[in-house]
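Hi,

Here is the structure I promised to pass on.

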Amino acid sequence: MKQKPLLAVYPGSFDPITYGHIDIIQRAVRVFPDLIVAIVGNPQKKTLFSYEERIEMIKNACPSVRIETFSGLLVDYVESIGAGVVIRGLRAISDFEYEFQMALSNAKMKPDIETLFMMSSEQYSYVSSRLIKEIAMLGGDVSEFVPEYVVKKLSEKLRLCN
Ligand code: PNS
């Protein structure tokens with residue numbers, strides 16, 4: 001009997017989406033064809049881009065992936081949609097502590113939800129949305145790190161902010 005593929009969630013801020021995220025999405029859908037990219041709405045964390053803008057940039061980069069937004073606890077959202085797996089990308093050792101804390105806390109709250117880590121591909125192991133925003137704000141070229149469409153959105157946004 002063929003098993004139904006597990007529904008998996010790849011959560012994040014995606015402020016904005018980077019080649020590092022895209023790499024994880026493309027590799028994760030090979031294992032979990034029913035992948036949902038879930039954008040967090042976190043009032044404590046001020047984002048440069050709105051929900052709509054972040055969705056638009058993800059759609060542009062990964063047109064066939066399902067995108068949803070959620071607020072509140074990740075594990076509550078994951079449970080509410082009947083998903084069983086959370087995917088997280090792991091870059092360097094510096095990511096480990098935070099990811100470890102999050103995975104263990106989530107497992108404590110909902111033991112049935114599994115967190116699976118995918119190692120970043122080597123060429124993206126240092127790419128982060130935070131650094132990209134900083135480079136772009138200081139007038140640097142970010143086209144090595146994000147798709148052309150995101151480069152355009154970043155320069156539009158930063159022009160408006162200045
Ligand atoms: O892209 P990010 O900012 O590293 O993603 C972090 C994210 C969205 C996975 C994390 O902040 C999260 O799960 N937020 C939802 C609120 C929550 O469940 N917090 C408790 C985590 S143990």
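What radius of gyration would a compact globule with 162 residues have, and what does the protein have? The rule puts such a globule near 15 Å and the protein has 16 Å, which agrees. The radius is taken over C-alpha atoms, and the rule is 2.2 Å times the number of residues to the power 0.38.

Some ground rules before the rest. This is a predicted model, so local features need pLDDT of at least 70 and side-chain atom pairs count only at pLDDT 80 or more, while totals for chains, interfaces and linings use all residues. Residues are numbered from 1 along each chain as its sequence is written, and side-chain values use heavy atoms, with hydrogens and water left out.

**Overall picture**

The protein has 6 helices and 5 strands, in the order β-α-β-α-β-α-β-α-β-α-α along the sequence. These are DSSP runs numbered from the N terminus (helices: H or I, at least four residues; strands: E, at least two). The C-alpha trace spans about 55 × 30 × 30 Å along the principal axes. If you take contacts (heavy atoms within 4.5 Å) between residues at least 6 apart in sequence, 75% of them join residues at least 24 apart.

As for burial, 46% of the 162 residues count as buried (under 20% relative accessible area; exposed is over 50%, partly exposed in between; 1.4 Å probe, protein chains only).

**Strand β2**

In β2 (residues 35-41), 7 of 7 residues are buried. In a regular strand the side chains alternate between the two faces of the sheet. Here Leu35, Val37, Ile39 and Gly41 are buried on one side, and Ile36, Ala38 and Val40 on the other. β2 pairs with β1 (residues 8-12) in the parallel sense over 5 bridges (pairing takes at least two DSSP bridges), and Val9 stands opposite Ile36.

**A buried serine**

Ser120 lies in the loop between β5 (114-119) and α5 (129-137). Ser120 counts as buried because its relative accessible area is 15%. Leaving out residues up to four places away in sequence, Ser120 touches Asp23, Ile24, Arg27, Leu90, Arg91 and Ser125.

Phe96, in helix α4 (residues 93-109), is partly exposed, at 43% relative accessible area.

Cheers
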